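Biologist: I have a model open on my screen and I'd like to learn how to read it. Can you walk me through it, one feature at a time?

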Amino acid sequence: MADTPAPRSMAVPLTAFTAGAVVAVLLGVFGKVHNPTINGTTTLGFRTVIDMKVVLTTAIGVLAILQVIGALWLYGKLGIRAPSWLGAAHRISGAIALLLSVFVAYHCLWALGLETGRFHGGPKVPMRTVVHGVLGCAVFGAVVVKVAAVRSRRAPGWFLPVAGGLLFALLIAVVLTSAGWYLDTFGWPGTGGY
């Protein structure tokens, strides 16, 4: 008896998008109610937490671009046969990007929180900062969706490329509203111990 493919189900993407939305909202709520503090953070030898986050976020952006190129190559969209090592390299670089993202997000939410309205001193929080914070929370909701898309055998064929594209778009938007803005405004950060 031949193996028959598992039936495709819209329940998988609907459940994944719901779970992702819950994760994003919970992160946003935590970021809003948490009392921000530098205690419990590290600079990894950089002058400030912000400098460290800019460098790591830039690396995340590069890894995200490499992820898209790798996925296109693996799925035969580049017209060049993918080497045998590419699948493993794609998974490893994706795991590194995720770990770096969790590390940076921890430092964002713990040290700064989700800033909206006005700062404690009275000035208005810039729109870029608000957008960055909301998109940052959405990234981790998109991670949940992407993991569900990768692991599911019952999802429709469109689900994985949509989940991957959503995660990529959100990551690049977060990189541009943080490290991109910082690099454009201040240039490359100095390091303290390197």
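This is a predicted model: local features need pLDDT of at least 70, side-chain atom pairs count only at pLDDT 80 or more; totals for chains, interfaces and linings use all residues.

Biologist: How many helices and strands does the protein have, then?

Modeller: Its secondary structure comes to five helices and zero strands. Reading along the sequence, you get the pattern α-α-α-α-α. The C-alpha trace spans about 70 × 35 × 25 Å along its principal axes. As for burial, 35% of the 194 residues count as buried.

Biologist: How do I read the way two helices pack, say α2 and α3?

Modeller: Look at the axes and the angle between their N-to-C directions. For helix α2 (residues 49-74) and helix α3 (residues 86-111), the axes come within 9 Å and cross at roughly 150 degrees. Angles over 145 degrees count as roughly antiparallel, so α2 is roughly antiparallel to α3. Their crossing is left-handed.

Biologist: Which classes of residue make up the contact of α2 with α3?

Modeller: That contact has 16 nonpolar, nine polar and one charged residues.

Biologist: And how does α1 run relative to α5, parallel or antiparallel?

Modeller: The axes of helix α1 (residues 11-33) and α5 come within 11 Å and cross at roughly 20 degrees. Under 35 degrees counts as roughly parallel, so α1 is roughly parallel to α5. This crossing is right-handed.

Biologist: Now the rings. What describes a pair of aromatic rings?

Modeller: Two things: the distance of the centres and the angle of the planes. A search of the whole structure finds five aromatic pairs. One of them is Trp158 with Phe159, at 5.9 Å centre to centre and 75 degrees between the planes. Planes over 60 degrees apart count as edge-to-face, and that is the label for Trp158 and Phe159.

Biologist: What about Tyr182 and Phe186, how are their rings arranged?

Modeller: Their centres are 5.0 Å apart and their planes are at 50 degrees, so the pair is tilted. Both residues sit in helix α5 (residues 159-186), and being four residues apart there, they are separated by about one helical turn. Tyr182 counts as buried at 10% relative accessibility, while Phe186 is exposed at 54%.

Biologist: Which charged residue sits over the ring of Trp181?

Modeller: Arg128 does: its charged end is 3.7 Å from the centre of the Trp181 ring.

Biologist: Where is Gly45 placed?

Modeller: Gly45 is in the loop between α1 and α2, and at 27% relative accessible area it is partly exposed. For a sense of distance, Gly45 and Ile92 are 47 residues apart in sequence and 25 Å apart in space, C-alpha to C-alpha.

Note on methods. Residues are numbered from 1 along each chain as its sequence is written. Side-chain values use heavy atoms; hydrogens and water are left out. Rings of Phe, Tyr and Trp (its six-membered ring) pair if their centres lie within 6.5 Å; planes under 30 degrees apart count as stacked, over 60 as edge-to-face and the rest as tilted. Buried means under 20% relative accessible area, exposed over 50%, partly exposed in between (1.4 Å probe, protein chains only). A charge sits over a ring if NZ of Lys or CZ of Arg is within 6 Å of the ring centre and within 35 degrees of the ring normal. Axes are lines fitted to C-alpha atoms, for helices over the stretch in contact, and angles run from 0 to 180 degrees between N-to-C directions. Angles under 35 degrees count as roughly parallel, over 145 as roughly antiparallel, 65 to 115 as roughly perpendicular and the rest as oblique. A crossing is left-handed if the near helix is turned anticlockwise from the far one by less than a right angle, and right-handed if clockwise. Ala, Val, Leu, Ile, Met, Phe, Trp, Tyr, Cys and Pro count as nonpolar, Asp, Glu, Lys and Arg as charged, and the others, Gly among them, as polar.
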